[in-house]
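Here is a guided walk through one protein model. Keep the sequence and the 3D view side by side as you read.

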Amino acid sequence: MFQPSQHDVRNFFCQTLAKQRNGELLSPLETLAAGWITEHPEYHAELADVEAALAAVYDVDEGRTNPFLHLSMHLSISEQVSIDQPRGIRQAVELLAAKRNSLHDAQHEVMDCLGEMLWASQRSGLPPDGHAYLDAVRRRATR
């Protein structure tokens, strides 16, 4: 399994924004990331300063959103949907996006479900429960 470092992740998003702004050719993953970066102009200034981005500390207590975590979650959910893993996530996300009239808004709701699943896994010491995650997304899509 590929496990990039914090430095790698931050550099990836910063370089993707730079390449996008310069009109350079993007890899398929960079193209996907660039789409989510475009959806989040509030992060552009942070992504444009690579040195500051690499040194930044994002403390929840300070109310700062970590743009790299947020964008990484968008990528993770996009990948889950593309391979339908866990099985049924594609349909659930598509239904939620149709219900919200926005894939972006739907993904933010899915992020909440993903975050809850990861938090429960860390707290219990058990592996992430993909079924509980999928059920949470389905509940949001059908209520």
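At 29% relative accessibility, Arg 100 counts as partly exposed (buried means under 20% relative accessible area, exposed over 50%, and partly exposed in between, with a 1.4 Å probe and protein chains only). Arg 100 forms a salt bridge with Glu 109, and the closest N and O atoms are 2.3 Å apart. A salt bridge here is a side-chain nitrogen of Lys or Arg within 4 Å of a carboxyl oxygen of Asp or Glu. Glu 109 is buried, with a relative accessible area of 15%. Shared partners join Arg 100, Glu 109, Asp 112 and Arg 140 into one network of salt bridges.

This is a predicted model, in which local features need pLDDT of at least 70, side-chain atom pairs count only at pLDDT 80 or more, and totals for chains, interfaces and linings use all residues. Residues are numbered from 1 along each chain as its sequence is written, and side-chain values use heavy atoms, with hydrogens and water left out.

Arg 140 sits in helix H8. Helices (H or I, at least four residues) and strands (E, at least two) are DSSP runs, numbered from the N terminus. Arg 140 is buried, with a relative accessible area of 15%. Which residues does Arg 140 contact, leaving aside its neighbours within four places in sequence? They are Leu 96, Lys 99, Arg 100, Glu 109, Asp 112, Cys 113 and Glu 116. Contact means heavy atoms within 4.5 Å.

Helix H8 covers residues 130–142 and also holds Ala 132. Ala 132 is partly exposed, with a relative accessible area of 39%. The C-alpha atoms of Ala 132 and Leu 114 are separated by 9.6 Å, and the two residues are 18 apart along the chain.

Now step back to the whole chain. How many helices and strands does the chain have? The count is 8 helices and 0 strands. Along the sequence, the pattern reads α-α-α-α-α-α-α-α. The radius of gyration is 16 Å, close to the 15 Å that the globule rule gives for 143 residues, so the chain is as compact as a globular protein of that length. That radius is taken over C-alpha atoms, and the globule rule is 2.2 Å times the number of residues to the power 0.38. The C-alpha atoms fill a box of roughly 40 × 30 × 30 Å along the principal axes.

Of the 143 residues, 38% count as buried. Among contacts with a separation of 6 or more, 61% come from residues 24 or more positions apart. The accessible surface comes to about 8,800 Å², and 54% of it belongs to carbon and sulfur atoms. Accessible areas come from the Shrake-Rupley method with a 1.4 Å probe; for residues, only the protein chains shown count as cover.

Return to the charges. Side chains of opposite charge can pair when their charged atoms come close. The whole structure holds 5 salt bridges. One of them joins the side chains of Glu 30 and Lys 19, at 2.9 Å from N to O. Glu 30 lies in helix H2 (residues 28–38) and Lys 19 in helix H1 (residues 6–21), so the pair ties together parts that are 11 residues apart in sequence. Glu 30 is buried, with a relative accessible area of 11%.

Glu 46 and Arg 64 also meet in a salt bridge, at 3.4 Å from N to O. This pair links distant parts of the chain, 18 residues apart: Glu 46 is in helix H3 (residues 44–48), and Arg 64 is in the loop between helix H4 (50–55) and H5. Glu 46 is partly exposed at 27% relative accessible area. Arg 64 is partly exposed too, at 37%.

One loop deserves a look of its own. Asp 84 lies between helix H5 (67–83) and helix H6 (89–100). Is Asp 84 buried or exposed? At 15% relative accessibility, Asp 84 counts as buried. Asp 84 has no salt bridge, and the nearest side chain of opposite charge, Arg 87, is 4.4 Å away. (Lys and Arg count as positive and Asp and Glu as negative; His and the chain ends are not counted.) The side chain of Asp 84 reaches the backbone nitrogen of Gly 88 at 3.0 Å. Asp 84 has a positive phi of about 50°, although it is not a glycine. In this loop between H5 and H6 lies Pro 86. The peptide bond from Gln 85 to Pro 86 is cis, with omega near 5°.

Conventions. Polar contact = N/O pair within 3.5 Å; in protein donor to acceptor, adjacent residues only side chain to side chain.
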